[in-house]
Structures are given as C-alpha cells and as structure tokens.
Amino acid sequence: MQKIGRKAGHWALLWLGAVLAGLLALVLVNLLPEGPVLTHAREGRAVLEAESHEMITEVYMGWGSRLDSPADSAMLRSATRGEGNALQSAMDMHTYARYWHGYVVVLRPLLAFFSFGTIRYLSMLLHTVLLCMVFYAISKRLGLGIALCYALTVAMAYGMIVHLSMQYSNMFYLQYLLCWAVLKWGDRPRMTRHTATFFFAVGMLTAYVDFLTAPLLTLGLPLLLLLLIRQRDGTVLEEPWRELAWTVGQSAAWACGYGLMWAAKWPLASAVLGRNVIGEAVQQTALRVQGNVQETVDRTVLYQENFARMFPPLVLCAVGLFALLTLVWLLVWDRPSWRRMPRLMPMALVALYPYLWYTVLANHSQIHAWFTYRAQMLTAFAILAGLVSCWDVSRLRAVWHGRVTKR
C-alpha cells in the first residue's frame, strides 16, 4: 500500500508538471510575432478550401484515404492569435477550448517561417524518415517478419497520405517516436521498472496534442512491441493471466494520463476565460458518447463503417489465407508451438481496444469513421505479428530442406 501511495504521489507531481509545462509552452508560442503566422495560415486555409471543393480529397479509392481539410483548417486557425492576451488566446483557441491544441507549440513557429506547402513537404520528409527508423529498429530487434507486419499495418491505414493532413500527422509521428523509443530502451532495467509511469506520461502527451483522431495508436502499438520484446527475450510472466494483468495495468496507466491531462484543460480555461468550459466539454463528451436526435447512434453501422475501411475484402482474404497456412503449419509441422499460444492472449486483448473505444465514443466513431478506423492499426498489427510469431524460422528452413519430418 505504501508503494502504491508513493507511486501515486510521483504521478501527481508528474501530472502537475505536465499541465504547467503545457500551459507555459502554449503561452510562449502565442508571444511570437503574429504577422507571418497569420499570412501563412490564411494561405494554407485557402489551399485547403480549394482542395475540399476542387480536388480529390479521397486520394485513392474509398473513404479510407479521405483527407480532413476542415480539421486542418481549424488547426491553422488555432495557430493564430485569438482575442485577448497570450494566456487567453492559449486557452480559448478560437472557441475550441476543450482541447489543449498542443500541436500549436510546433505548428505556430513553423508558420512563422514557412508556407503551408513547405510544411507539408517537411512533413513528408519526416514521415519517411520516422517510418524507416521504426522499420529498421523492428527488423533489428524483432526480425524482418515483424517489421513487414508493421509496414503493412501502416500501409493498410493509408500511411502514405498522412503527411498531407496535419490532423492525422500528430498521432502517427508520436507513435513512430514512441515505438522507436520502446525498441531502443524497452528492455532496459529502468524502463522495465517504470513501464506504467512511461505509459502514464505517454497518455498525457497524447491528450496534449490529440484532436480525437486515433489516440489509441500511442498506447497500442508501443505496447504490442513491448509484448513482443518480452516474448522474444523470455521475460514474460510465467502464468498467462499475470501477463494479461500486466497489459491491463499499462493500459490503465495510459488511460489515467490521457483523461487527467485532457480534463485539466477545462477548469484552467474556465478560470482564464470566465466562461463554463467544463460544461461545454461535458456536453460535447455526452454528444460524442450517445449522440442526439440529429446524430443517432447505430452501433451496427458504426462497426461496419470502421471495419470495412481497415479490412477491405482483399485484405481479409489475404489475412485469412495466411491464418489458414499458419494453422496448417502448427497442426502438421510444429505441434509443440501450440504451448506458446496462451502467450498471445495479451496481444489479442490489445487487438480489441479499438472496438472498446468505438463502443464508448460511439457517436464520434460513427460520423467520423473515415479517420477513426485507423485505431484498428492495433488490431491489424496484433493479428499479423501474432501469426508471424507462430512460425519458427529455423524449423521452417529445416522443413524446406527436408531435414525434419512432421510432428
């Protein structure tokens, strides 16, 4: 009990420090000269307006590749100074006060020097570099097969268009950095001792920059990589239910960080702006959970719309075929590997997280299925990586060269 109390105290101090640091960062960037920021933001919003009416916003076939020009336009507007002083502007964000809009800490300085087109170009370079970094780190730490699973997961979520949308970029770039960090330091003793604190901090950072796009990416993908590392290194807890409980614990830490950081903005904004931002946030949260007369929730449609975008028929057939081949391999050539199946239970749990999210935030996930579907990257990566983990490469080579028989 004393240990839990001490950890809770550390987390409380960490939360307080994150809130103060986040507030200070927003105030400081709002002190930057407004002229070039306003000019570049207006130019960018004009580009987005033209794209939404004159260009194809669904870059490839289907809504899975649709760009969110209205949200990007709102982000550019939030990067400009609002009414009042720097503190009031940082809290109000042009009446979008219920979010932190932490992306402004990066976006506003960029707009001070670069046009919207140049920012998109820099975003493309960053996306390419980060994806290559993570792919290399996974292949080095967990093998080429798992790295290919990760790359396919990004491709299934139309990762190639992410750099064109600032709203999508936030969570992708953050999960890239977190995955890379987990692969580099995930097995260090200090990280092993403080994994829950790590995910608590990740949850807070996610809430700070998130625009309610696909926040689960920053939890699920690093967590799945950690589970794979633990399996590869033989550090998984002996009983499967203990490993499952460990997974739930890390997820709960992330959820606490996310919820506490997001909610911290509401009383701060209410005090600074002199209006009931808490009431606004609660009202919007209730709408996003249960809908209203104009935006009714149909959970059947909700799950279908999201699932179909992440798993079109071609992908389902390919994954089904791979699963069938894996089953044949395990039944015919590598039956002892069945004993390792319980170790995949935590990964199966993480694969279900998106559907839990959709169930809770039903209205938001239904009307915005064309981008909320990306939360299922957790599901896709868990399935693909889990199937690949069932294959013993050394035994496969031996079977291929006829050195072993069925067992």
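Figure 1. Cys-179 is buried, at a relative accessible area of 0%, where buried stands for under 20% relative accessible area, exposed for over 50% and partly exposed for values in between (1.4 Å probe, protein chains only). Cys-132, with a relative accessible area of 49%, is partly exposed. Zero disulfides are found in a search of the whole structure, a disulfide being a pair of cysteine sulfur atoms within 2.5 Å. This is a predicted model in which local features need pLDDT of at least 70 and side-chain atom pairs count only at pLDDT 80 or more, while totals for chains, interfaces and linings use all residues. Residues are numbered from 1 along each chain as its sequence is written, and side-chain values use heavy atoms, with hydrogens and water left out.

**Figure 2. Aromatic pairs, with Tyr-150 and Phe-381 as one of them.** The structure holds 19 aromatic pairs. Rings of Phe, Tyr and Trp (its six-membered ring) pair if their centres lie within 6.5 Å, and planes under 30 degrees apart count as stacked, over 60 as edge-to-face and the rest as tilted. The rings of Tyr-150 and Phe-381 are edge-to-face, 5.9 Å centre to centre with 90° between the planes. Tyr-150 belongs to helix H7 (residues 144–156) and Phe-381 to helix H20 (residues 377–389), so that this pair links distant parts of the chain, 231 residues apart; helices (H or I, at least four residues) and strands (E, at least two) are DSSP runs, numbered from the N terminus. Both Tyr-150 and Phe-381 are buried. Phe-172 and Tyr-176 have ring centres 6.2 Å apart and planes at 70°, so this pair is edge-to-face. Phe-172 and Tyr-176 are four residues apart in helix H8 (residues 166–185), about one helical turn, and both are buried.

**Figure 3. An aromatic cluster, and two arginines over rings.** One aromatic cluster is formed by Tyr-96, Tyr-99, Tyr-103, Phe-211, Trp-254, Tyr-258, Trp-262, Trp-266 and Trp-357. Arg-66 lies over the face of Trp-370, 4.0 Å from the ring centre. A charge sits over a ring if NZ of Lys or CZ of Arg is within 6 Å of the ring centre and within 35 degrees of the ring normal. The charged end of Arg-374 is placed over the ring of Tyr-168, at 4.4 Å from its centre.

**Figure 4. Salt bridges that include Arg-108 with Glu-34 and Arg-275 with Asp-92.** Side chains of opposite charge can pair when their charged atoms come close. Five salt bridges are found in the whole structure, each a side-chain nitrogen of Lys or Arg within 4 Å of a carboxyl oxygen of Asp or Glu. Arg-108 forms a salt bridge with Glu-34, with the closest N and O atoms 2.7 Å apart. This pair links distant parts of the chain, Arg-108 in helix H5 (residues 104–113) and Glu-34 in helix H2 (residues 34–54), 74 residues apart. Arg-108 is buried at 0% relative accessibility, whereas Glu-34 is partly exposed at 22%. Arg-275 and Asp-92 meet in a salt bridge at 2.9 Å, N to O. Arg-275 lies in the loop between helix H12 (240–273) and helix H13 (277–290) and Asp-92 in helix H4, so the bridge ties together parts that are 183 residues apart in sequence. Asp-92, Arg-275 and Glu-280 are linked in a network of salt bridges.

Figure 5. Glu-305 is partly exposed, with a relative accessible area of 31%, and Arg-309 counts as buried at 14%.

**Figure 6. Two residues other than glycine with positive phi, Tyr-158 and Leu-212.** Phi of Tyr-158 is near 55°, and this residue is in the loop between H7 and H8. Tyr-158 counts as buried at 19% relative accessibility. Leu-212 has a phi of about 60° and is placed in the loop between helix H10 (195–209) and helix H11 (217–233). Leu-212 is buried, with a relative accessible area of 4%.
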